[in-house]
Amino acid sequence: MKKQLIQAGLKAIFPLCVGAFPFSFIVGAISINAGMDVLQSTLWSLTVFAGSAQMVALGLVQSSTELIVIALTTFVINLRHILYSASLSEYVKEYSMPTRALMAYGLTDEVYAATVGEMKHEKPGRHWFYLAAMFGFWVNWVVADFSGAMIGSYFPHIADYGLDFAMVAAFIAIVIPQVKNRECIVAAVVATVTGILLSGLPYSLGLVVAAVVGVYAGYKMDLSTERMEAELKEEVRHEIKKEDKEQNNTQPINAIAE
C-alpha cells in the first residue's frame with residue numbers, strides 16, 4: 001500500500017513538474033545575474049521553495065529595493081498558503097507535529113492542487129501520497145534552479161525567451177479544474193479583472209490586491225449561497241408542515257364518511 005501511494009503521488013505531480021522546470025530554471029539563471037553564485041542560488045531554492053516569491057524578490061533586489069519591502073512583499077504574496085493550510089488542516093491533524101511541519105514546508109500551489117483530492121479520502125497512510133508528491137516537486141525545483149544557475153548564466157537575456165510561459169500554462173492547468181461552482185467562478189473572474197486593472201502598480205502589488213479582492217468576492221458569494229440554501233430548506237420545511245397539517249385536517253372527515 002505504501003509503495004503504491006508513493007508511486008501514485010509521484011505520478012500525480014509529474015505533469016506539474018514539467019511545467020515548473022523552465023520557471024525554476026529561469027529563477028536560477030536570473031539569480032546568477034543578480035549577484036548570487038551557484039551554491040547560493042541552489043540553497044536559496046532549497047530553503048525558500050516558492051517560485052513567485054523568488055521571482056518577485058529577484059526583481060526587487062535588482063532594483064535595489066529596501067530589504068523590509070522585499071520581505072513584506074514576498075510575505076503578502078505567499079499569504080494564500082494560509083488558505084491552503086486551513087483547507088488541509090482537517091485531514092492532517094492525526095499526524096505528528098514533525099510530519100505536519102514537513103508537509104507545511106512543501107505546501108506549494110502545485111502540491112496542493114495535486115494532493116488535496118487524495119488527502120480528503122479517509123485512506124490509511126495517505127500522507128505517503130502527499131510526501132511523495134511534495135518531494136518529487138521539491139527535487140525537480142532544486143535541480144531546475146541548479147541547472148539554470150549553471151547553464152542559464154551563459155544567457156544573460158534568458159528571461160526574455162518566454163520560457164516562463166510554461167509556468168503560466170501550469171497555473172492555468174491547476175486553476176481551471178478547480179473552478180466548478182459559482183463561488184470559484186466569481187472569485188476567478190473578479191481576481192482576473194482586478195489584476196489586469198491594477199497591473200501598473202509597483203512591486204507587483206496589483207497581484208496582491210487582486211488575490212485579496214478575489215478571495216473576498218468568493219467569500220461573499222459563498223455566504224450568499226449558504227443563505228439561499230437556508231431559505232430554500234426553510235421553504236421546503238414550511239411546505240412539508242403545511243401538507244401534514246392539511247392531511248391531519250382531512251383525516252377526521254374521511255373517518256366520518258367511512
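Is Phe137 buried or exposed? Phe137 is buried, because its relative accessible area is 2% and buried means under 20%. The model is predicted.

The structure contains six aromatic pairs. One of them joins Phe49 and Phe137. Their ring centres are 6.0 Å apart. The planes meet at 45°, so this pair is tilted. Phe49 and Phe137 come from distant parts of the chain, 88 residues apart. Phe49 sits in the loop between α2 (38-48) and α3 (51-62). Phe137 belongs to helix α8, which covers residues 127-151. Both Phe49 and Phe137 are buried.

Phe137 has another partner, Trp141. Here the centres lie 6.3 Å apart, with 25° between the planes. This pair is stacked, because planes under 30 degrees apart count as stacked. Where do Phe137 and Trp141 stand along helix α8? They are four residues apart, so about one helical turn separates them. Trp141 has a relative accessibility of 1%, so Trp141 counts as buried.

Now look at the wider group. Phe137 and Trp141 belong to one aromatic cluster with Phe23, Phe49 and Tyr105. The tilted pair of Phe49 and Phe137 and the stacked pair of Phe137 and Trp141 both have their residues in this cluster.

One more ring deserves a look. Which residue lies over the face of Trp128? That residue is Lys2, at 4.2 Å from the ring centre.

Note on methods
Residues numbered from 1 in each chain as written. Predicted model: local features only at pLDDT ≥ 70, side-chain atom pairs only at ≥ 80, totals over all residues. Heavy atoms only, no water. Phe/Tyr/Trp six-rings, centres within 6.5 Å; stacked < 30°, edge-to-face > 60°. Helix = DSSP H or I, 4+ residues; strand = E, 2+ residues; numbered from the N terminus. Buried < 20%, exposed > 50% of the residue type's maximum accessible area, 1.4 Å probe, protein only. Lys NZ or Arg CZ within 6 Å of the ring centre and 35° of its normal.
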